[in-house]
Amino acid sequence: TSYQTTMTLTVSLLDYGAGNVRSVRNAITSCGYSIIDITSPSQIDEADVIIFPGVGSYESAMTVLQTTGYDNALRAYLAADRPYLGICLGMQ
């Protein structure tokens with residue numbers, strides 16, 4: 001008997017101009033999931049699940065998130081208790 005797993009979940013990858021997006025993208029696709037790149041805060045509310053890759057510099061990354069409006073959109077997404085995986089900075 002063979003079993004076939006159908007992965008219907010689309011992962012939204014937060015690409016805010018910092019963070020190790022390429023490695024995370026490779027990991028997601030190697031697991032068989034499709035990816036939507038979030039390149040605008042307005043896309044966050046549409047996501048099924050978000051992966052937020054981090055970067056070593058908290059202060060500079062937070063400056064980018066705040067000046068681009070990602071911080072408020074992410075807070076609203078998380079306040080709604082929606083699926084989220086934060087890596088490094090994304091977990092802080």
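Select Phe52 to start: this residue is found in strand S3. Strands (E, at least two residues) and helices (H or I, at least four) are DSSP runs, numbered from the N terminus. The model is predicted: local features need pLDDT of at least 70, side-chain atom pairs count only at pLDDT 80 or more, and totals for chains, interfaces and linings use all residues. Residues are numbered from 1 along each chain as its sequence is written, and side-chain values use heavy atoms, with hydrogens and water left out.

Phe52 counts as buried, at 4% relative accessibility. Buried means under 20% relative accessible area, exposed over 50%, partly exposed in between (1.4 Å probe, protein chains only).

Rings of Phe, Tyr and Trp (its six-membered ring) pair if their centres lie within 6.5 Å; planes under 30 degrees apart are stacked, over 60 edge-to-face, the rest tilted. Tyr16 sits in the loop between strand S1 (10-14) and helix H1 (21-30), 36 residues from Phe52. Tyr16 is buried too, at 6%.

The rings of Phe52 and Tyr84 are edge-to-face, with centres 6.4 Å apart and planes at 70°. Tyr84 is partly exposed, at 25%. Ring pairs link Tyr16, Phe52 and Tyr84 into a cluster.
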